[in-house]
Each structure stands twice: as C-alpha cells, then as structure tokens.
Amino acid sequence: MIELVVEGGHQFGLVQGLREIWAFREVAWAFAERYVRLKYKQAGLGIAWAIIQPLSFLLIFVILFGRLAHISSGNTPYQAFALSALVPWTFLQTAVSMGSGALLMDGGLMRKVYFARECPVIGAVLATGLDFVIGLGLLWIVMAVLGLGLALGFGALSVYYRDFRFVMPLFIQLWMFGSPVAYPLTTVPDKYRALYLIANPAAGILDGFRRIFALGQTPDLGLLAVSASATLVIAWAGYVLFRRMEPGFADSV
C-alpha cells in the first residue's frame with residue numbers, strides 16, 4: 001500500500017483514503033444535489049444558464065477570433081469549431097472554481113460532524129457535471145479527474161491562504177486563453193507542443209473534443225496519452241496536498 005505522511009507524523013494509505021471516500025459516497029452525492037439546488041434555486045432562467053454561458057463566450061470568440069483575428073478553423077464553421085472545445089472548458093473551469101471553494105462554503109458542517117473531507121469537493125465537481133452533460137457527454141472522466149485534482153489542491157490552499165479565492169478567477173481566465181479553445185492546437189509550434197501539453201493537460205483533451213464534434217475525426221491518441229498522464233500527476237499531487245493539509249481544516253474554515 002502506498003503511504004504518505006501528513007501532519008503530526010500520521011500516515012495514511014491511498015487505498016485507505018479511497019475506501020473512506022467510498023464509505024461516504026452518499027454524503028458526496030448529497031453535497032452534489034445541494035450545490036445544484038443552490039446554484040439554480042434563485043436563478044430566474046434556472047438550468048438554462050448552462051447553455052447561456054458557453055453561448056455568450058462563443059459570441060465573443062466569433063467576433064474577436066473569428067471575424068477580427070481570422071483564426072483558421074479549416075473547413076469547419078468557426079462557431080462549431082470554438083463551441084466543441086468551449087463546452088468542456090466551461091465544465092473544467094467551473095469544476096475547479098466551485099470545487100476549490102467548497103471547503104470554505106461548508107466549513108460549519110466540518111466543525112459539527114465528521115465525514116471524508118473530500119466529499120464537498122467531489123460533490124461540487126459532480127454538480128458541475130450536470131452542466132457538462134447538457135452540452136457534451138464524452139471524455140467526462142478524464143476532464144473530471146483533472147478538475148478534481150486541481151480543485152482538491154486549490155481548495156486545501158484556500159482554507160489556509162484566503163487570497164486564493166481572489167487569485168482563482170484570474171488564474172482560470174488566463175488558463176482559458178492559454179488553452180486551445182478559441183484557436184486550434186496547431187497554432188502552437190511543433191517544437192514546443194509536447195511541453196505545452198505537459199504544462200496544460202487540458203489542451204489534448206480539448207483537442208479531442210474538437211476533433212470528434214467539429215472536425216468529424218478520431219482523437220489523436222498520442223495527444224490524449226500525454227494529457228492523461230499529466231492529468232494523473234496533477235490529480236495525485238492535488239490529493240497529496242489535500243491530505244497533508246486536511247488535519248487543520250475544521251479549525252481554519
């Protein structure tokens with residue numbers, strides 16, 4: 001069993017941690033249902049926002065990148081070209097944003113009752129999946145793992161360093177423009193592409209969505225392999241960071 005050392009010299013095993021999450025799976029689902037209700041409860045348009053948000057960005061992309069910058073989309077209409085990557089990107093950014101703030105949102109519950117501390121983060125990512133299913137339904141698992149890994153890491157940091165709440169929106173917006181959402185992956189020079197995919201695991205996944213839904217092609221398995229490998233590293237690092245910082249959560253939220 002792989003073991004990690006957390007605060008106070010206490011050790012936990014990865015399998016043990018996963019078993020605890022499984023034991024509290026109903027709690028994670030309860031958090032997910034709660035986040036969905038809270039998100040749309042007082043919204044006049046309700047779940048329609050899951051469609052309005054990507055379409056609003058699509059309009060901006062069409063004007064800025066399609067009309068003014070003349071980004072090439074091959075034989076595919078630029079609207080379909082951009083939307084095929086924009087919808088999964090919307091899922092990823094929302095998963096990271098909601099997931100990283102979930103611990104602070106439910107700090108009161110953590111002080112009152114014990115449950116696996118990953119449950120609020122997992123619930124937030126699962127709740128975000130509802131919007132994603134409305135737009136697209138493929139490659140969800142890989143994208144969810146990436147979003148969960150980042151959300152766990154940033155969520156743990158946010159408990160102790162509250163500035164992360166203000167840094168996250170800027171980081172996510174910069175990340176979007178650094179990803180092949182409004183432009184194709186081919187704009188990145190070949191000699192830098194491997195490094196780019198490692199630094200930004202979302203790139204290969206977004207390219208896979210675009211190939212399937214906009215270009216009618218099969219995904220590049222090499223690109224997906226690089227992105228998937230980097231995603232696993234980020235998910236592992238995020239989880240390790242989360243467990244190292246977990247002992248002080250209830251006292252800090």
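Where does α4 bend, and which proline follows within four residues? The bend of about 25° is at L86, and P88 is the proline that follows.

**Figure 1. Overview of the predicted model.** This is a predicted model, in which local features need pLDDT of at least 70, side-chain atom pairs count only at pLDDT 80 or more, and totals for chains, interfaces and linings use all residues. Residues are numbered from 1 along each chain as its sequence is written, and side-chain values use heavy atoms, with hydrogens and water left out. The protein contains twelve helices and two strands, arranged along the sequence as β-β-α-α-α-α-α-α-α-α-α-α-α-α. Helices (H or I, at least four residues) and strands (E, at least two) are DSSP runs, numbered from the N terminus. Of the 253 residues, 47% are buried; buried denotes under 20% relative accessible area, exposed over 50%, and partly exposed the range in between (1.4 Å probe, protein chains only).

Figure 2. Helix α4 comprises residues 78-105. From the first C-alpha to the last, its 28 residues reach 39 Å, close to the 40 Å expected at 1.5 Å a residue; the expected span is 1.5 Å times one less than the number of residues. The bend at L86 is the angle between axes fitted to the seven residues ending there and the seven starting there. Because 20 of the 28 residues are buried, α4 is largely enclosed by the rest of the structure.

Figure 3. V62 belongs to α3, residues 49-68, and is buried at a relative accessible area of 12%. Apart from neighbours within four places in sequence, V62 is in contact with R67, Y78 and Q79, where contact means heavy atoms within 4.5 Å. V62 and A82, 20 residues apart along the chain, have C-alpha atoms separated by 8.1 Å.

Figure 4. The structure holds eleven aromatic pairs. Rings of Phe, Tyr and Trp (its six-membered ring) pair if their centres lie within 6.5 Å; planes under 30 degrees apart count as stacked, over 60 as edge-to-face and the rest as tilted. F24 and Y114 form an edge-to-face pair, with 6.0 Å between centres and 75° between planes. F24 lies in the loop between α1 (14-23) and α2 (25-40), and Y114 in the loop between α5 (107-112) and α6 (119-135), so this pair ties together parts 90 residues apart in sequence. Y114 is partly exposed, at 46% relative accessibility. Elsewhere, ring pairs link W89, F154, F171 and W175 into a cluster. R25 lies over the face of W22, at 4.1 Å from the ring centre, and R210 over that of F81, at 3.7 Å. A charge sits over a ring if NZ of Lys or CZ of Arg is within 6 Å of the ring centre and within 35 degrees of the ring normal.

**Figure 5. Helix α10.** The twelve residues of α10 (residues 202-213) should span 16 Å at 1.5 Å a residue, and the end C-alpha atoms are 17 Å apart, which agrees. Nine of the twelve residues are buried, leaving α10 mostly covered; among them are I205, L206, F209 and R210.
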